[in-house]
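Trainee: I would like to go through the terms used for this model and see what each one rests on. Where do we start?

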Amino acid sequence: MLNNNKLKILALKYRPKIFKDLIGQEVVAETILNSIKIGKTPNAYLLTGIRGVGKTTTARLIAKALNCSKNQNENNLCKEKDSCPHCREIENSNHIDVLEMDAASKTGIDDIRELIEKSKYNPTSAKFKIFIIDEVHMLSKQAFNGLLKTLEEPPNNLKFILATTEVKKIPVTILSRCQRFDLKRVGLEKIFAHLKKILNTEKGKISDDALRLLAKASEGSVRDGISLLDRSMIFQSLNSDQTLEESDVRKMLGLADKSKLIKLLQDVFEGNESSATNVLRELIEEGIDAKNFLNDILELIYLFSRRINLGPIEKELFVSESELQLIEKVSKGLNIQDLGLFWQLTLKTIEDLNIVSNENITLEMYLMQLMHIRSIEDKYSDTDILDNG
């Protein structure tokens with residue numbers, strides 16, 4: 001018989017079951033836990049942050065802590081492997097007193113009226129009836145207005161937990177009635193350590209450099225990092241005897257080798273158009289993703305600017321020693337004005353990708369424009385020399 005736990009995707013399998021497991025949100029977790037332990041809880045919680053940092057997970061953990069049998073009887077909480085029926089049911093999303101609503105699909109006033117009608121009834125078995133509303137910013141104006149009064153003065157046994165990625169879209173009248181908790185992007189080192197721990201548990205074969213690349217590609221989202229790890233482990237399982245290296249992950253994600261990108265920019269700075277074009281075409285043949293390529297260019301422009309303004313870069317967590325040496329070499333003779341123009345042009349090209357259907361043409365035009373900026377500057381430099389002469 002198949003083990004269902006083995007069939008689960010890693011993002012679900014390693015979803016935190018207790019507050020201690022929340023990665024990078026220690027302050028938020030401690031604040032919420034302390035308020036629950038002393039019985040000073042708000043009518044409504046508002047959880048904000050980018051995708052994949054743990055908003056829905058935190059909402060369920062709050063629901064578990066509020067309704068935990070041990071919390072009511074012993075002022076304590078269930079442990080991961082020793083949980084009460086309430087905690088188990090909330091974890092499995094089938095508790096009768098904890099209702100989850102996705103505001104992205106239920107945006108209207110009728111959906112909120114139905115919710116308010118349910119709020120009038122006492123909890124069936126738990127201490128609190130809890131409504132978790134995900135992507136709450138998607139509610140209509142009428143739906144928000146319908147929610148106002150109940151949020152301000154809910155029954156004693158009712159709690160709201162709202163979650164959103166776009167807090168600016170929520171009316172101030174709603175915000176003022178909630179206790180807000182901002183879940184921050186998780187640091188690269190914490191994501192790397194978490195991925196390493198999962199990899200060891202799953203007995204996967206992926207190098208540390210490859211894991212660092214996955215952590216960086218997650219952009220501070222733990223869920224994205226775990227999903228990328230899952231994808232990498234499936235990719236690695238095709239050759240189970242071999243360890244997945246950084247170069248393999250780059251191919252899988254459509255990321256360019258940084259040393260090649262530095263070489264490309266060096267050719268641009270030196271006015272070597274044919275060599276720069278050859279490097280770009282080589283990267284395109286390797287299957288780079290256009291948006292990832294341009295974001296990597298932005299990162300390099302930032303590093304060059306930092307080198308010019310602040311001096312030698314001693315240590316950069318996700319840039320190798322050899323790449324730092326290349327940056328040191330190439331940055332000589334550059335000026336901040338050129339890099340500023342390159343930055344603006346790169347941002348503009350990222351926007352162009354949404355309009356132009358052929359990404360390869362967009363990238364080649366981008367390269368020609370970079371060369372043009374450089375040639376204009378060289379032309380003006382020569383004119384200045386002649387004028388001064």
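Mentor: With contacts: a contact means heavy atoms within 4.5 Å. The model is predicted. Among its contacts with a separation of 6 or more, residues 24 or more positions apart account for 74%.

Trainee: What makes a residue of the protein count as buried, and what percentage does?

Mentor: Buried means under 20% relative accessible area. Of the 389 residues, 46% count as buried.

Trainee: Why are β2 and β5 called edge strands?

Mentor: Two strands pair if there are at least two bridges between them. The open sheet has the order β2-β3-β4-β1-β5, with parallel pairing. β2 (98-102) and β5 (179-182) each pair on one side only, so they are the edge strands. From one strand to the next the twist averages 15 degrees.

Trainee: How do you know that β3 and β4 pair?

Mentor: At least two bridges are needed. Strand β3 (residues 129-134) and strand β4 (residues 158-164) have five bridges in the parallel sense, so they count as paired. I132 stands opposite I161 in β4.

Trainee: Which strands does helix α8 touch?

Mentor: Helix α8 (residues 141-152) packs on the sheet and touches β1, β3 and β4. Its direction makes about 130 degrees with that of β4.

Trainee: What makes a side chain count as positive or negative?

Mentor: Lys and Arg count as positive, Asp and Glu as negative. On that basis the protein has 55 positive and 57 negative side chains. The centres of the two sets lie 9 Å apart.

Notes
Residues are numbered from 1 along each chain as its sequence is written. This is a predicted model: local features need pLDDT of at least 70, side-chain atom pairs count only at pLDDT 80 or more; totals for chains, interfaces and linings use all residues. Side-chain values use heavy atoms; hydrogens and water are left out. Buried means under 20% relative accessible area, exposed over 50%, partly exposed in between (1.4 Å probe, protein chains only). The place of a charge is taken as NZ of Lys, CZ of Arg, CG of Asp or CD of Glu. Helices (H or I, at least four residues) and strands (E, at least two) are DSSP runs, numbered from the N terminus. Axes are lines fitted to C-alpha atoms, for helices over the stretch in contact, and angles run from 0 to 180 degrees between N-to-C directions.
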